[in-house]
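User: I am new to this structure and would like to learn how to read it. Please take me through a few features, giving the general idea before each case.

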Protein chains: 4
Amino acid sequence: MPLCEPAAEPAVDILRVSHVELGVSDIEASLAFYRDALGMVVSARDADEAVWLRGLEDASHHCLVLRRTQPGTCLGIGLRVRSEADLDRAAAHFAAVGTLEARLDGSERPRGQGPTVLVRDPFGVPLSLYHHQDTVARQLQNYDRYHGAAVQRLDHVNCFAAELQATHDYYTGVLGFRVSEYTETDEAQPRLWALWLHRKGNVHDVALTNGVGPRLHHVGMWVRGEMDVINACDVLAVTGFAGAIERGPGRHGISNAFFLYLRDPDGHRIELFTGDYRTMDPEFAPIRWSLDDPRRQTLWGQPAPKTWFDEGSDFSGVSVRQPVMPVRPQVAS
Amino acid sequence: MPLCEPAAEPAVDILRVSHVELGVSDIEASLAFYRDALGMVVSARDADEAVWLRGLEDASHHCLVLRRTQPGTCLGIGLRVRSEADLDRAAAHFAAVGTLEARLDGSERPRGQGPTVLVRDPFGVPLSLYHHQDTVARQLQNYDRYHGAAVQRLDHVNCFAAELQATHDYYTGVLGFRVSEYTETDEAQPRLWALWLHRKGNVHDVALTNGVGPRLHHVGMWVRGEMDVINACDVLAVTGFAGAIERGPGRHGISNAFFLYLRDPDGHRIELFTGDYRTMDPEFAPIRWSLDDPRRQTLWGQPAPKTWFDEGSDFSGVSVRQPVMPVRPQVAS
Amino acid sequence: MPLCEPAAEPAVDILRVSHVELGVSDIEASLAFYRDALGMVVSARDADEAVWLRGLEDASHHCLVLRRTQPGTCLGIGLRVRSEADLDRAAAHFAAVGTLEARLDGSERPRGQGPTVLVRDPFGVPLSLYHHQDTVARQLQNYDRYHGAAVQRLDHVNCFAAELQATHDYYTGVLGFRVSEYTETDEAQPRLWALWLHRKGNVHDVALTNGVGPRLHHVGMWVRGEMDVINACDVLAVTGFAGAIERGPGRHGISNAFFLYLRDPDGHRIELFTGDYRTMDPEFAPIRWSLDDPRRQTLWGQPAPKTWFDEGSDFSGVSVRQPVMPVRPQVAS
Amino acid sequence: MPLCEPAAEPAVDILRVSHVELGVSDIEASLAFYRDALGMVVSARDADEAVWLRGLEDASHHCLVLRRTQPGTCLGIGLRVRSEADLDRAAAHFAAVGTLEARLDGSERPRGQGPTVLVRDPFGVPLSLYHHQDTVARQLQNYDRYHGAAVQRLDHVNCFAAELQATHDYYTGVLGFRVSEYTETDEAQPRLWALWLHRKGNVHDVALTNGVGPRLHHVGMWVRGEMDVINACDVLAVTGFAGAIERGPGRHGISNAFFLYLRDPDGHRIELFTGDYRTMDPEFAPIRWSLDDPRRQTLWGQPAPKTWFDEGSDFSGVSVRQPVMPVRPQVAS
């Protein structure tokens, strides 16, 4: 049986995946995409070296950090923990297993963020654990500033994993993530092919797919509804970003979300995402999809381009491995 | 029988109602409303004296002219005629009946407009007849400029008329308008209470309602759909124009349109309007509504405020009269 | 200072407000409203005596129970607790304070529901505590069954409270609810006038307003977006329920939600609700509104009808009291 | 110069393209698509031999006729003329040029239709000219019957033409269609590659594209807005028609329309279409697109599948020819 129960006492009590840090080549070019076309809000900027962005509903400092270094690389994934005590507990755990990289406190703290513990998951993915961010002005009702996709907040990250079962065992068994949906093979001994895992009570905080990994597949940004996705397409098309549209709009079978996949100027993949469902009720049982069911990827039947299956952002400082199972994309023919 | 057939040979072959000229007190205040909140496009401006606006889809110079004179007064309604020959024919007709005010040609032509004939209808309403406007750049696909209500074009005007049957007889019998919908009393000899008249093939170019008149009740601006109306409400609310929302959003029984009524800074009433239907098929028969049917005003049953029944913009140079029938509004109790 | 921190160790660990039980006079008439016009799904029915309904995304048995008894009365509010152990702990607590009414186990359990503890809050409101419901088939992707409002799930309940500060103290201090937004007077010693309280991580599970209470003001049902609300209005209008529309559609300042208020055939008030925001981040601070701020009720400025301030559903077996503060509605004039 | 002015005195005064007649293999299978998934209304049915359908806003008898004969073949295109006199004039014209096939009068008239003249255009396309249809009950406000795509009416037909310049010369010069947009090569002597032609005042009644022809490329059905297209995708996906989605949803550069292309059970292509603009103003000038401009087909940059360029419905009784210019589709790679 490939799925296991989430840890009753996880090594760290994670509230949600809360931000992503990406390496880019040109802050201004990135802002033309994230701020001007996607409608995100700038919280802080460090000249041409870095910028901190948030969604329109965010009252916390950042859900996206862009740094002018290692373009096309993901520099880390941020995880909120429930309390400062949880942060200490997490630091102790990662120190014990030997993957604690640093504890940033006092003046070393990342900008806009409280004390932070930098660690690696067993596959090398850089995680940034912390309890709080600085409070900033929520823009939720500043409707005159809404434009483009009007991104509201970060919803999730999606990663390629080379060893999906092992990654599942770690994220559920150690970190306490809960499975909402999963894809497996139809073999006599089914093997996991993809996983949607959550802490915050909707479909996912993290999704994992069999592939050359670990790599970041995409960052999912929440938008208000289908019309903001359509508006985003129209705006992207006439502001030089028609080439940024990689897939969609469409409806995923898995998660039920309405989606659009974009590539930012450095190739990082961003999903505009809306319309999933709640998973917090105790009788919720993970939804199984067969790897051969064409509706899991898109309910409407449109194939994804080959790039969508092949390309992703490397994580900083990690070597990728070939996946345990061969990649079997269903692409446009 | 109160309705008559449209004139087979009207005095003037009108394409559509194409613009309105309004007296305002402060051009900048008006622009904050029409340009910034409603998303209209400025075609030309004459310092602080006048401004010419159009919708995002318009390739013609103006559908709204604002002049700093007689605030709260409607200075005229613009009607496109099919050809220059039609203009000559119209001028001859109005000269013959004694209500030709001027023919503006050469350097006297209104800005952005071809040769123009200024006349009065029998009730005193100032009409501006002309064949063409200057061509300007259509903004339809400049989606990065869309904001607020994203007004696309002018759809219609709606006026109070003191003598509704006579006004009907003139607009259908002389000007060739066709009736799409009408409200009448349930008396043994039914009397007309309101009329929707068109030339362009949807529900209306002109609507007429029994009331102190002639006065302009509102100008209907076409928007793309319900979501642009909702977005307009959100933007108006946070840009100082919450008080501008007079009625709606809602659905009219008559015309089937989704509507929102606003009052501009000088009190002129603007309707955001979308979702009516085509009326061009030869078997189309006017739709009758009983004056006592509550669904004609709003399908959803919400009452209109008293101002909506009482207030309107005077036409420049016309004295109003009491209506033939007593006004019987259905208002919020 | 009127607000207090949520209890670190609440008497019961509540996941969310999960269902409401309402007294009705005619099951068929109620189904015409909830099933046919609002698009809810019938999970079970006991002849003409009771019916259990859920939303399209629900995989749990019910979020609304209608019984043919005490029409117009609310028979109870259902609260999910985190574990069976929490249920035992809650029963012990309420027994100790003397407001445990019953523990329903084995064959006594309510239909579709696990072991259940019936209690009263200190103001007499009947609460139904339990850990799980039976699992039923999620209809989320059965798009051919969507119609009317296409209600997805229950979001919250809203109640009048006669002693708002005391009610606040109990729901936060004993039950562990967290404040997301609140209204207070501008007096030197401000007094609480209304509260939005949550457990599940969005704006609210319970809202409380100063008024003759305790009474149920409304049940908030989640819909996918603004277009489903508009579609609901159109369907209600032509299926005999135009009179059911009491207020809206509009945008609340508080919660940012897009809303529509309806009255069911027995007068129970139902809100269609969509578009609030997440409140789970640790730095989230409750949002204060002045009682005199007109935007808190509706961002767009439309007044509510008097019924909206005056009327509510009594709770079964409770006498109401006059509110501590005089009711000061802002109504249509 | 490839474009010419529309005929001042066309051979027939056409109001609009009003219906299409298609050969199908199974009436029930077609109804599952057109009635159940697209939401069209059945006006009449002749057992298993034929069915007449209309849109929700239509008060005329049919905009789509399906007959169990020659599956996958288009049996004819219906054109409304302005008056019965125009019908006589058209019959005389086509008799004179030798392409009058029949005049159907009295009991020979097509079901639901007035006197009808059957002719061929010079390329063999079967046209059905007539002035009126029977009036049926408009379903526009029967919102409880809306489902699926909720098709409102027919908007246009789109055809492959082997000799595009000659087809243009006929439709503008003889039939009086007006050009709204066109694609041409960038050669020193530009050649027409595609054309959008209208009579009714929006972007088109007929579009023509260089290709193996004459063949019907698609029938464009008008829907209320983007959300109805998205709803149609969701409903098609779960009612066995996921395979019917051929292209989209997306935004055309040409016409600005939001589109979705479907294939009916016999392979006929149907477009759901919404969001174009008015073309009736006299200063409207046709919009030119270069054949090499990737935005003309889709503003958002998504390629169309090869089938979209290659496949179409033959017209009954016509042999197709190879196009004058080689077909150069831009397809998914």
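User: In which crossing, left-handed or right-handed, does α4(A) pass α4(D)?

Analyst: This is a predicted model, in which local features need pLDDT of at least 70, side-chain atom pairs count only at pLDDT 80 or more, and totals for chains, interfaces and linings use all residues. Residues are numbered from 1 along each chain as written, chains are lettered from A and ligands numbered from 1 in the order written, and side-chain values use heavy atoms, without hydrogens and water. A crossing is left-handed if the near helix is turned anticlockwise from the far one by less than a right angle, and right-handed if clockwise. α4(A) passes α4(D) in a right-handed crossing.

User: At what angle do α4(A) and helix α4 of chain D pack?

Analyst: Two packed helices are described by the angle between their axes and the distance between the axes. Here the angle is about 110° and the axes of α4(A) and α4(D) (residues 226-238 of chain D) are 10 Å apart. That makes α4(A) roughly perpendicular to α4(D) (65 to 115 degrees). Helices here are DSSP runs of H or I, at least four residues, and strands are runs of E, at least two, numbered from the N terminus. The axes are lines fitted to C-alpha atoms over the stretch in contact, with angles from 0 to 180 degrees between N-to-C directions.

User: Which residues of α4(A) meet α4(D)?

Analyst: E226(A), M227(A) and I230(A) meet E226(D), M227(D) and I230(D), where contact means heavy atoms within 4.5 Å.

User: How is chain D laid on chain A?

Analyst: Two copies of a chain are related by a rotation about an axis and a shift along it. For chain D on chain A, a turn of 180° and a shift of 0.0 Å along the axis give an RMSD of 0.0 Å. That is the relation of a two-fold axis.

User: Is W300(B) buried or exposed?

Analyst: Buried means under 20% relative accessible area, exposed over 50%, and partly exposed in between, with a 1.4 Å probe and protein chains only. W300(B) is buried, at 0%. W300(B) lies in the loop between β17 (287-290) and α5 (306-310) of chain B. Among the residues that W300(B) touches are F258(B), I230(C) and P249(C).

Key:
Copies are superposed by least squares on the C-alpha atoms of residues with pLDDT of at least 70 in both. Angles under 35 degrees count as roughly parallel, over 145 as roughly antiparallel, 65 to 115 as roughly perpendicular and the rest as oblique. Lists of a residue's contacts leave out its neighbours within four places in sequence.
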